Each structure stands twice: as C-alpha cells, then as structure tokens.
Amino acid sequence: MLIGNFKETYSADEALFRTATVRAWMGVLAVGLLAFPFLVGDYLLYLANLVGVLAIGALGLNILTGFTGQISLGHAAFMGVGAYVAAILSTRFGLPFWLAVPAGGAGACLAGMVVGVPSLRIKGLYLAIATLAAQVIFEWIFTNWTGVTGGIRGLNVPPARLLGFAFDTDRRVYYLVFAVAAAHTYFASNLFRTRVGRAFIAVRDRDLSAELMGVNLFRTKILAFMISSYYAGIAGGLWVYFTKVVTPENFPLSLSIQYLTIIIVGGLGSIRGTLFGTVFVTMVPEMLKAATQSLRPFFPNAMSYLFPMRDIVFGAMIVAFLVFEPHGLAEMWNRTKRFFALWPFKK
Amino acid sequence: MRTRRITKLLAALLMAWVGSARAADEEVVIGAAQPITGRFAFAGVAINAGLQDYIAYANEAKLVKGKKLVYQYEDSGYDTDKAVATFKKIMAQYKPVAMYGESTGLGKAIAPELNGRYKVLYGSASFSSELADPKTHPYSFVSGPTYSDMFGVLLEYIAKNPKGPGKPKVAFFYSDTEFGKDPIPYAKKKAAELGVEVVAEIVTKVGAVDVTTEVLTLKKAQPDYCIFQGYVLSPITEVIRGARDFGLKTTFMGAMWSVDKAIIDKLGPDAEGYMGVNPYAYYYEEVPGIVAMRKYNEKAHPGVKYQPNSYIQGWFTGMVFVETIRRTVAAGKPVTGDNLRQALAGIKDWDVGGIIGKVSFVDNKVPTGRVYRANVQKGTFEPASDWITLK
C-alpha cells in the first residue's frame, strides 16, 4: 500500500511516471507488448496491428476534440491524405518508408492547417459541418484524381524496408506499428504538460478567457488541427504499409465516426482513455462475433438474425456508456485504481 | 439443474470435437469470410446459403471420392479490415485449401499474402476485372464473367439488335464507386469496336434520390439503350419511372445484382421492357442444373419458393471449388491451393447443367452471359438471347 509520495528534486516532480510502482507496471506492460506477437495467432496479431494504427489516429482526434474542444468529422480524410502521400511517394518516387510515412504526416498536417482555418470563426456543430465538407472533398479527390491516386482502384504498395529488412509479415509490422504508436503516445502525454498543450485545454474550457490570458486563439486552434491531422497522417502512412493497398473506400465518413466513438467511449481528453477506447471499439465487436459464432451450432438456421444482433448489442453498449459513464473507460480505470489504492483497508 | 444442462452442453461440444478429430484425415476444408451483416448483407446471406448448400449437396452425392468437404464460414461485415482479420482467423484455425471472400476490397488487400504465404484457391463475391488478372492475382477466380464481360455481352446484343437505321446509341449510367466504374473503360473500347455510339455517361452517388437532372440528360441524349452499373435497386427504379414520365423510348439494362426478381417486384408495370445480363440461369428455369438445385432446396428448406441470383452465385462458386477438388483428387495429386489452381485452369467446356453456359476458364473467369427481358405478367425474367461467350 502506498501512503505517500515524497519528492526531493524537481526532475522527480516532473517525471511522467512518478512512482516506482507505476514504473514497474509500465515495464510489465512493455514486456507484455514485446512478447505479444509470440503468444498469439495471426488473427489477434492482425487485430493488434489494427488497434495500433487506429490508436495513433484516435490520439490525434482526442488532441483536437477532447483537449482543444474542436469537433472534427473529417479525421478519416486526413488519414487518407497521409496514406495517399505515403503510397504515392513510395510507389512513384521510390522513397523508403521511413521518409514516406513522416511525409504522409506532413501532408496531412498541411491539409489540416487549411481545413482548420475556418475554426476561428465557427464553432461547435458548425465546425463539425465544415470538417464534414473536408471529408467529402478529400474522398472525391481520392476517387477522381485518377492520374495521381490511381482512382477507384487505388495503389498497391510494397512492404516497408529498413536496411534490407522487410516488414512483410504481421509480426514484423507489429513492432513497427507499436514503436511508432508508443512514441506518439509518449509525445501526446508530454504535450499537455507544456505551454502549448495547456493552451489547448484553456481554449477548450473557455476560448474567450484563454484569449484574455494571452493565448493566441487562431494560432492555437490551427496548431491543434495540425498536430491532430499529423497524427492521422502518420496513422494513414503506417496503414498503407500494413495493408499494402490503398483505395478511396478505405477512408469513408463511417471511419471518422468510428474515431469519434473511440474517443467518446474511451474518454474525451484522456490519452489513456484513447487507447482503451481503441481496444474496446476494435475488439468488442470481434468478441461478440465469437460469441454469436459459438451459438451457431445450436441455432443453425438463425444466423441471419444472430449476426446482426451483434451490432445491436454493440450499439446498446455504447449508449449505456454515454448514460452511465460519460467520462468513458478512462474514468472507470481511475475509479478502479482509487479503489485499490487503499485496499483492503478501506471499504 | 443448470449445472446438469451445462455439463450436457460441454459433453456435446466434447463429442463434436472428438468426432471431428477422428475424421480429420479425410476432410477438405473450404473457408469463407461472408458479408452476412453490413451493406452487402442483402446478397451475402444468400451467397452463404448457396455455397453451404452446394457443399452439403456434394457431400450427399459423394462427388469427391474418399473426401469429406467441410464448410467453415464467418461473418466479415463487409468491412475490409475486419474481413482480412476474419480471413486470417479462418486460415489459422481450419487450414482450408480454398477460401471465399466477401468483396473486391478483401481480394486486393489479401493478394500479397495469398500469393506469397497462404496459396489457396480464392473465389469471391466480386466480379471485378482486377481480380481476374492472373498476373497479379494468380490464386483468385471470378465465378462467372467480370463486370467488363457483362458489359461486353450487353454491347454485343445491342450491336446485333439495333432499334433502327444507323449506329445504336447507348448511355452508361453508373455510380462513382469501384463497383460502378470498374467496367467503364473496357465498355467504351468495346462499344467503339462494335460500332455502338456512347451518347451519354452519367455518374451518381449510390442511392441518389433525386435523379431529375440525370433523366433530363437522358432525354437530351435519346439513347436506344441505357446500361446501369454499380447499383442494386436505387436509383434504377427512380430513373426508369422518371424516363417513363418523360415518354422516353430507351430500353434500360442492368447487370447481375440488378436483374434479380426483386426489381420487377419493385417496379411493377414499369418493369416492362427492362433487360439485363445475368451470368446464371434463374431459379425457376427448367434446366437440369437448376432442377437439381430446386430438388435439394425442397428437401433442405421446405417452403422456400425462390432463391435469388446471389444464392445461385454461391452455389456455382461451390461447384467450381468442388470440381477443382474432384479433378485434383482424381489425378491422384494432393489437395493444395496450387493444384486446385492448375485444375481450375484446365476446366474447358464443362457442362454445369445450364446454370451457366459451357464453362471454360479463361484468365480465371468465365466470359459468358445471357441477356434476359422482364416479363411483368409472370414477374420473371425470360431469355432474350442465347448464352453469349466473348472472344
């Protein structure tokens, strides 16, 4: 049981992981994640990669929506921009992946900057509609700028290579995805301990007050858009090397909405919550599927009813979350942690 | 009480497991990632039923000697990411020698690993010409003609049946999706070769509701024929109704998904004259292959009066899987994806009892189709041509 936490230096006070217990648990987590590909089969490994890529994108959206309070319905489009930039640079210009993926991030970042410009004038639902327009416009460009994007058929991308090492199996891609995801999670966690990150939160809580305190609203909002779409772009770039093919149908509006679901279920304005949300939104439908699958031998003729039931159950779960735990999975985690902090001495 | 029920259940599961383990040496597994939920569920449920039924039928008729065919499917929800995951799950869990996939998207996403690692015969719900390219997709096949071939069949019919003197005029009406755009470049080339003039090209979103401007474009262009691609029902019905209101004489045509009985039911009297290309015979036709299918259905699903085209697609894909396995076994070769692929390439003039014209696989597809015309009184489609095979 931990009763106090005495710090003697400034650096101890500023550390991201402050206590030995937390550091130990993070170590366990890191070892677990490193060992994961050797413990599971193809299916879970593939889903884990999907979670990793989506988590990076979702972190981006949480920075924008959860921390800065700017709603975006165009997040999938930014992911698409990153994916296409990376795919085009690697297929047309033969750029290696370690340049193509950051370039995808940069491309998405620029796109986000442009889309973010109206955010100074419009807020809330109106901004949501403006970003929705971005989603539609980018989707149209992906589909119709055939000469560059390969049109509706998209582009096929060779596996990523680093010094002659090809990331061609799911296990190899896993380490790539998780290294990038870990770095971006680390950056995001630290971001909100800096002046810029705190300015984001100030803008979210009351933009006028933030401005009176000396936060440059325009610059801050644009920066939030840029960082957010940079994250989406990196996710898109990685996604290309993960699936080896990119088509316009990979970045529909429903993906943008899935991102919103992730951050709402996980917890708006929480880095940890974003990761929980991604795992939840990706894995729970699969678990429900496994459950319906196991019922099939008993109801062989009811499968066309059983399978859609899964979506209904999943939808109901999300509604239940919004009603009973509006702060998301992150808050549930905190409560559990608080409970165990003094356990078993406190009821 | 409850514990006893659970014990019973566990015992049943254990028995099933032991049972399957004992028979394992003779089983040949066919896997499927089926779009049973999601946007494509309207067809996915029937495709799955067709494929499952044919495999059961083949087992009953002992079409493959000394082997028991096992069908393992899972729902993939018409979502490429989830479908790839499902594909890998089935591959890892059941080690099938042939797989069925839900979409063009899955076919493209899985191609690198299918060619390099899994090497199983791959059939799918897609008629995309891209998946029928033996260079990039050597393990894939299309269960019939591609969309391009279907356009080819329609255009050949149009070229042979002009509505008056001069070049026949045709309009292409398609959605801005992969499904809609896939055959268009080929169709334009083919039309030019056949001397058919393309007077209008109209592109819309799927499920567009207001089609007034599109109908006006048609009115201006006055095509003899208008071919839809990339839709199932909407907005085909709206366009046809609108065109009738404007008094257009155009003959409307569709392909595969939009020549099912459902469209006649939806259009009612307006369906008069509607035509289309179907790669397969209808469930009510009196040809041996379909009669056998109906007989099986009467036994397995009493009370089912009709099965849609998608069911027949599933059934026919099942026939291809089983035939390749049968040929491989008959040749005394081990049942592997590579041997199935070779068996597939060897299929020439295979008689499938009229479910589809003579089957010859050319570039992993069967470029054959038949033009049908709606008969509103009977509520059915009737053949308007013989089977047309593209050269």
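Modeller: Here it is, and please keep in mind that this is a predicted model.

Biologist: In what order do the 5 strands of the open sheet in chain B lie?

Modeller: Strand β3 (residues 98-101) of chain B pairs with β4(B) in the parallel sense over 4 bridges, and 3 bridges join β4(B) to strand β5 (residues 140-142) of chain B, again running parallel. The edge strands, each of which pairs on one side only, are β2 (68-75) and β5 of chain B. Taken together, the 5 strands of this parallel open sheet follow the order β2-β1-β3-β4-β5.

Biologist: By what average angle are neighbouring strands of this sheet turned against each other?

Modeller: The pairing throughout this open sheet of chain B is parallel. With direction ignored, neighbouring strands are turned against each other on average by 25°.

Biologist: Which strands of the sheet does helix α2 (residues 41-60) of chain B touch?

Modeller: Helix α2 of chain B packs on the sheet, and its direction makes about 165° with that of β2(B). The strands that it touches are β1 (27-34), β2 and β3 of chain B.

Biologist: Which residues of β4(B) point the same way as each other, and are they buried or exposed?

Modeller: In a regular strand the side chains alternate between the two faces of the sheet. Strand β4 (residues 121-124) of chain B has B:L121 and B:G123 pointing one way and B:Y122 and B:S124 pointing the other way, and all of them are buried.

Biologist: Which residue of β5(B) stands opposite B:Y122?

Modeller: B:Y122 is the bridge partner of B:M99, while B:S124 is the bridge partner of B:G101. Turning to β5(B), the residue opposite B:Y122 is B:S140.

Biologist: How many residues does domain 2 of chain B bring to its contact with domain 1 of chain B?

Modeller: The domain assignment gives domain 1 as 2-145 + 286-360 and domain 2 as 148-278 + 370-389 of chain B, with their C-alpha centres 31 Å apart. Domain 1 supplies 11 residues to the contact, and these divide into 6 nonpolar, 5 polar and no charged. From domain 2 of chain B, the number of residues is 17.

Biologist: Why does B:V153 count as buried?

Modeller: B:V153 belongs to helix α5 (residues 147-160) of chain B. Leaving aside its neighbours within four places in sequence, B:V153 is in contact with B:P145, B:V277, B:G369, B:V371, B:I388 and B:L390. The cut-off for a buried residue is 20 or more other C-beta atoms within 10 Å, and B:V153 counts as buried because the number within that distance is 26.

Biologist: Which residue is the bridge partner of B:G369 in β12(B)?

Modeller: β11(B), in which 6 of 8 residues are buried, is joined in the antiparallel sense by 4 bridges to strand β10 (residues 275-278) of chain B, where B:V277 stands opposite B:V371. β11(B) also pairs with strand β12 (residues 380-389) of chain B, antiparallel over 7 bridges. In β12(B), the bridge partner of B:G369 is B:I388.

Biologist: Which peptide bond is cis, with omega near 0°?

Modeller: The proline concerned, B:P235, is found in the loop between β8 (225-229) and α9 (236-245) of chain B. The cis peptide bond is the one from B:S234 to B:P235.

How values were computed: Residues numbered from 1 in each chain as written. Chains lettered and ligands numbered in written order. Predicted model: local features only at pLDDT ≥ 70, side-chain atom pairs only at ≥ 80, totals over all residues. Buried ≥ 20, exposed ≤ 12 C-beta atoms within 10 Å, placed from the backbone. Helix = DSSP H or I, 4+ residues; strand = E, 2+ residues; numbered from the N terminus. Pairing = 2+ DSSP bridges. Axes fitted to C-alpha atoms, helices over the stretch in contact; angles between N-to-C directions. Contact = placed C-beta atoms within 7 Å. Domains from an automatic or database assignment. Nonpolar A, V, L, I, M, F, W, Y, C, P; charged D, E, K, R; others polar.
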